[in-house]
Amino acid sequence: MKNEVNVFKKRLAGNGMKIAIAVADFNTTVTESLLSGAIAKLEEVGVEASAIFVAHVPGAFELPGVAKRFVDSQKFDAVIVLGAVIRGETPHFDCVVNAVTSGIANLAAAGQIPVIFGVLTTDTVDQAMARSGLKGGNKGADCAESAVEMVNLYKELA
């Protein structure tokens with residue numbers, strides 16, 4: 001007889017959670033749709049609207065700093081970071097994407113609380129629109145679901 005493996009199962013119960021969202025205002029049509037998707041999903045899984053805190057920043061480059069402030073405050077169960085960086089004609093795209101990705105990855109890896117990366121990095125506006133709920137799925141909603149799932153997992157691992 002084989003031993004049973006212990007599995008932590010996915011739980012999407014957001015009751016009692018406080019979630020912070022940092023959202024970039026640059027490419028606002030895309031990012032506002034990501035934000036709307038995230039808020040709707042959080043409420044759908046039981047997070048109270050009054051327990052969702054949103055900070056707007058000018059662009060994606062500013063997201064890691066605000067996300068770190070949210071983490072360091074110890075007031076939130078998770079942080080969701082939303083933005084859209086769309087490739088242009090200069091190397092600026094690569095600089096911003098690398099900085100944002102690295103900053104958020106470092107916060108997430110520290111493991112204090114879940115930090116969820118929802119920054120779209122696309123070649124075209126159409127690709128960004130397709131991932132932000134304007135033409136298809138909404139990465140903001142996906143990130144909200146991930147945040148709640150990860151908060152529950154962190155609690156089980158404590």
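Two strands are taken to pair if DSSP finds at least two bridges between them. Strands (E, at least two residues) and helices (H or I, at least four) are DSSP runs, numbered from the N terminus. By this criterion β3 and strand β4 (residues 115-122) pair in the parallel sense over eight bridges. The model is a predicted one, in which local features need pLDDT of at least 70 and side-chain atom pairs count only at pLDDT 80 or more, whereas totals for chains, interfaces and linings use all residues. Residues are numbered from 1 along each chain as its sequence is written, and side-chain values use heavy atoms, with hydrogens and water left out.

Strand β1 (residues 19-24) in turn pairs with β2 in the parallel sense over six bridges, and Ala24 is placed opposite Val57 in β2. From β1 the chain crosses through helix α1 (residues 28-44) to β2, and this β-α-β crossover is right-handed. A crossover is called right-handed if, with the strands pointing away from the viewer, the path from the first strand over the helix to the second runs clockwise. A right-handed β-α-β unit is also made by β3, α3 and β4.

Strand β3 is mostly covered, with eight of its nine residues buried. Buried denotes under 20% relative accessible area, exposed over 50%, and partly exposed the range in between (1.4 Å probe, protein chains only). Ala84 belongs to strand β3 (residues 78-86) and is buried, with a relative accessible area of 5%. Contacts are defined by heavy atoms within 4.5 Å. Neighbours within four places in sequence left aside, Ala84 is in contact with Phe26, Asn27, Val30, Thr31, Val119 and Leu120. Ile86 is likewise found in strand β3. With the same exclusion of neighbours within four places in sequence, the contacts of Ile86 are Asn27, Phe93, Thr122, Asp123, Thr124, Val125 and Ala128. The C-alpha atoms of Ile86 and Gly65 are separated by 21 Å, the two residues being 21 apart along the chain.

UniProt lists Phe26, Ala60, Phe61, Glu62, Ala84, Val85, Ile86 and Phe117 under "binding site" in an unreviewed entry. From this set, Phe26, Ala60, Phe61, Ala84, Val85 and Ile86 are taken into the lining of the largest pocket. On a 1 Å grid over the protein atoms alone, a pocket is an open set of points with protein on both sides within 12 Å along at least five of seven lines, and lining residues have an atom within 4 Å of a point. Phe61 lies in the loop between β2 (52-57) and α2 (63-73) and is exposed, with a relative accessible area of 54%. Residues up to four places away in sequence not counted, Phe61 touches Val96, Ala99 and Val100.

The UniProt annotation "active site", also from an unreviewed entry, covers His92. UniProt positions are given in the numbering used here, feature names are shortened, and annotations may be inferred rather than shown by experiment. His92 is found in helix α3 (residues 92-110) and is exposed, with a relative accessible area of 55%.

Asn152, in helix α5 (residues 139-157), is buried, with a relative accessible area of 3%. Its contacts, neighbours within four places in sequence left aside, are Arg11, Leu12, Ala13 and Met17.

Terms used. On a 1 Å grid over the protein atoms alone, a cavity is a set of points where a 1.4 Å probe fits but cannot get out, and a pocket is an open set with protein on both sides within 12 Å along at least five of seven lines; lining residues have an atom within 4 Å of a point.
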